[in-house]
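Please open the model in your viewer and keep the sequence panel beside it.

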Amino acid sequence: VSITISVRKDEQMRFNTGLSLLSSLGFFLLPSSVIAAEDEKKLEAARMIRGVSVEGKAEDPLFTCDRSENAGAIPKVIIQTVKSKDNLDDEDWSRYHVSLREKNPEFDFLLFDDEEALEFVDEHFQDSALPEVMRNMPRSVMKADLFRLAAVAVLGGFYMDMDVIAKDSFDPIVSSGCGAVFPKEWWKDDQAYLDRHFKLPSDDEDHWQVGNYAFAAVPNHPLVVDSLDEAIKRSADSIAFFSESDAEMSDLDVLRTTGPYMISEVYHEGRKAGKYGDVSHIQGDMSKPLKDGQKYGYDWHKFGPFAEHMLSHTWVKESTNAEHDYLHPCPYYVYRGGCGSRWSPIDVYGCELRVEFCHDDTFYLGNVYSGEVIVDRLVNSFTNFRSSGFYTGSVLNITQGSAVQQVTFDVVDDSSKVEISSGSDVDKVTFGSNYGRIVAPGVPGSHMFGSFLSWGSCVVNRDGVRPNVWSNFGKVTTSEDQCDATADAMTSLFTSIF
């Protein structure tokens, strides 16, 4: 099955002109009940952004922790680490660091290089294996992983990777009453979880991962201390193994030994044992990512609404690595893996996505913004195609020879288009709101189901029969030429009026 997103600018320009004029008169053309329903949906969606209000400010629900377990406030100190302070001339790092200081002027800042980090653990962990382990770690990033836990365990406060940019003050975290605050990161399906943790999740919460690029805690917090102890143990085992083996330590080994996969396992095992009740995991807001090329949802790699991980990935060693979760290599990449999930769909931002294989029953695509998605002639790979929405000039094109039982999407905006070739084998189309075009000349109108066709929208189906929709203000026809003619007529009409 292939999905292509491309736009003919001449056709799209005149199509958009008519729609823009219509949109400007929407309060005249749409019944008030429809407008109210649409507004309520938007408000509800905003409320669903956990801990972020419609205005985007932090609210109490952001921090879900048992405050009775916490004995104090998180210190106002920000800890960072760098291999050498001679490397601080990086323009991006300077910008990120300035953002932290500007948003948190009352905080103390501590920057450790490798030598100072070793001096710190020598002083504070004399009876631990940590100093020896850090000196023998095969990869620098693992030393940094160990040190961030050690520093926060001793001093408390905030740890921030050098590529974290601040977006708001951290004061609400300090006053949250929580003992520790970590990012709530990506959700993994069973197979993806097995690939990373070498076991299947035991409950639904296991699927969520814990980030370590930014976190905060009171001194000696149990989760930080337990994670450090586990990281030391796993690191010692890794040193022994790789010293006796010709194998090289992979990025996945790093993530599982000292990184976020390890911390996720420690947290979830403790959670199931009744520990860490004062820990809050904050999910990112739904603002557009500051870093271009991120894969999956807008809310990933964000420390709530307070900061964002800019994903420089200076530590990554492999060209095809375990960190592929983080980046969407624009402008083109081939997706041969799993198909996303209802909780972690694949998002596309200004990229081309070519799907070559999908082993699940359903291919889950998130939102497409100015993107191109190609799923071409993949027969018997999946039976359902599911997407959230197509925006800003995106086009979904299911090509000839493709076999998909059902295509489902939530929104097509007034500059986008869903196109299902007459030579494809698609039995059913289900949609939410269409403000643009749905062109499916091979699909009977009786096999199309939707919620809303706006003024200026157009639907092409095999018999020109109105789809099963609760509210229809759009054009339904058997030919896309008639959509163009309608758009031209609207443009002429409103041009003459205004």
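A contact here means heavy atoms within 4.5 Å. Among contacts in the protein chain between residues at least 6 apart in sequence, 56% join residues at least 24 apart. This is a predicted model, in which local features need pLDDT of at least 70 and side-chain atom pairs count only at pLDDT 80 or more, while totals for chains, interfaces and linings use all residues. Residues are numbered from 1 along each chain as its sequence is written, and side-chain values use heavy atoms, with hydrogens and water left out.

**The whole chain**

Begin with a cartoon of the protein chain, which has 13 helices and 25 strands; these are DSSP runs numbered from the N terminus, helices being H or I of at least four residues and strands E of at least two. Then switch to a surface: the protein chain exposes about 21600 Å², of which carbon and sulfur atoms supply 50%, the areas coming from the Shrake-Rupley method with a 1.4 Å probe and, for residues, with only the protein chains shown counting as cover. Buried residues make up 53% of the 498 residues, where buried means under 20% relative accessible area, exposed over 50% and partly exposed in between (1.4 Å probe, protein chains only).

**The disulfides**

Select the cysteines next, taking a disulfide to be a pair of cysteine sulfur atoms within 2.5 Å; the count comes to two disulfides. In one, the sulfur atoms of cysteine 65 and cysteine 178 are 2.1 Å apart, and the link is left-handed, with -85° about the S-S bond. This pair links distant parts of the chain, 113 residues apart: cysteine 65 is in the loop between α3 (32-48) and β1 (77-81), and cysteine 178 in the loop between α8 (171-174) and β5 (180-187). Cysteine 65 counts as buried at 13% relative accessibility, and cysteine 178 is buried with a relative accessible area of 1%.

Move on to cysteine 458 and cysteine 483, whose sulfur atoms are 1.8 Å apart in a disulfide, again a left-handed link, with -75° about the S-S bond. Here cysteine 458 in strand β23 (residues 458-461) is joined to cysteine 483 in helix α13 (residues 480-497), 25 residues apart.

**A three-strand sheet**

Now display β4, β10 and β9, which in that order form an open sheet with antiparallel pairing; two strands pair if DSSP finds at least two bridges between them. The edge strands, each pairing on one side only, are β4 (164-166) and β9 (302-303). Between β9 and β10 (residues 307-309) the antiparallel pairing runs over two bridges, and the bridge partner of lysine 302 in β10 is glutamate 308.

**Salt bridges**

Which side chain meets aspartate 251 in a salt bridge? Select arginine 139, with N to O at 3.0 Å; a salt bridge is a side-chain nitrogen of Lys or Arg within 4 Å of a carboxyl oxygen of Asp or Glu, and the structure holds 24 salt bridges. Aspartate 251 is buried with a relative accessible area of 0%, and arginine 139 counts as buried at 9%.

For the last stop, select Lys199, Asp203, Asp206, Glu269, Arg271 and Lys272, which are linked in a network of salt bridges.
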